[in-house]
Amino acid sequence: VNTMLNDTRLTNLTQQVMILNQTSTGEWWANHGAWPAAKLQLNRTIEGVNGVAYLVDRILLPPLNLTESLQLLNLTSANSTTNMFNDTELSQVGNLTAFIPIDAFSSQQQFNFTNYLVNGTVLYNNATAPANLTLSSLGGTQLNITLGQNYTMRVGNASVVHSNILLSNGVLHLLEGGQQQQQQQQGQQGRG
């Protein structure tokens, strides 16, 4: 859902969103970045002249930048994430989609994260029908993205294991198997 958050000190998007999820037991949760989700208190509402306010069980905070989000999610490596991303440059980018392989943080090998950052597009995992698309990364690689039923998402052969983590300037999706995919791409480029 769209929010009214448009303060340029907190977001670099023209329209910041919040992700609402309903569980199988009927509970509603608001996801607002890498922060813990907030449970909506459906039985505690405040009627207003222009709508209804729902109480939540925790304070909703604005989404963070990419590095701060990865740190909050405990995705750090022996190499600091600040060495991987230039937050000053990335925070200037509006409409960023980041596909970050979680296995890259446990590896001691060099990993080119720019091959998984897409500028100019915010791609949420909310497709209601299967779709295939190709996006160009900041590193110049082509990312083949498959959106499946039941909100599944793949980037090449890598599975998205956590999607729609809001950022101050876009969205983050965490991949499993992304490092293997990049090593295969590098091997194919070396043979080409």
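Reader: Why is Leu42 called partly exposed?

Author: Leu42 has a relative accessible area of 43%, and because buried means under 20% and exposed over 50%, with partly exposed in between (1.4 Å probe, protein chains only), the value falls in the middle class. The model is a predicted one, in which local features need pLDDT of at least 70 and side-chain atom pairs count only at pLDDT 80 or more, whereas totals for chains, interfaces and linings use all residues. Residues are numbered from 1 along each chain as its sequence is written, and side-chain values use heavy atoms, with hydrogens and water left out.

Reader: What makes Leu42, Val52 and Tyr54 a nonpolar patch?

Author: Patches are made of residues with over 30% relative accessible area and no salt bridge, like charges being joined within 9 Å and nonpolar side chains (Val, Leu, Ile, Met, Phe, Trp, Tyr) within 5 Å. Leu42, at 43%, passes the area condition, and together with Val52 and Tyr54 it forms a nonpolar patch on the surface with about 270 Å² of accessible area, computed by the Shrake-Rupley method with a 1.4 Å probe, where for residues only the protein chains shown count as cover. Leu42 itself is in strand β3; helices (H or I, at least four residues) and strands (E, at least two) are DSSP runs, numbered from the N terminus.

Reader: How do you know that Asp7 forms a salt bridge with Arg9?

Author: The closest N and O atoms of Asp7 and Arg9 are 2.6 Å apart, and a salt bridge is a side-chain nitrogen of Lys or Arg within 4 Å of a carboxyl oxygen of Asp or Glu, so the pair qualifies. Asp7 is partly exposed, with a relative accessible area of 23%, whereas Arg9, at 72%, is exposed.

Reader: What makes Lys39 and Glu27 a salt bridge, and where in the chain do the two residues lie?

Author: Their closest N and O atoms are 3.0 Å apart, which is within the 4 Å limit, and therefore this pair qualifies too. Lys39 belongs to strand β3 (residues 38-48) and Glu27 to the loop between β1 (19-22) and β2 (28-31), so that the bridge links distant parts of the chain, 12 residues apart. Lys39, at 24% relative accessibility, and Glu27, at 30%, both count as partly exposed. The structure holds 2 salt bridges.

Reader: Why is Thr97 called buried, and which residues is Thr97 in contact with?

Author: Thr97 has a relative accessible area of 0%, which is under 20%, and therefore Thr97 counts as buried. Thr97 is found in strand β5 and, leaving aside neighbours within four places in sequence, has contacts (heavy atoms within 4.5 Å) that include Tyr116, Leu117, Val171 and His173.

Reader: What makes a nonpolar core, and which residues have the most contacts inside the largest one?

Author: A nonpolar core is a set of buried Ala, Val, Leu, Ile, Met, Phe, Trp, Tyr and Cys residues joined through side-chain atoms within 4.5 Å. The largest has 31 residues, and those with the most contacts inside it are Leu66, Leu70, Phe99, Ile100, Ile145 and Leu172. Among the elements that each supply at least two residues of this core are α1 (66-72), β5 (96-101) and β8 (142-147). A second, separate core of 5 residues includes Val17, Ile19, Tyr124 and Leu166.
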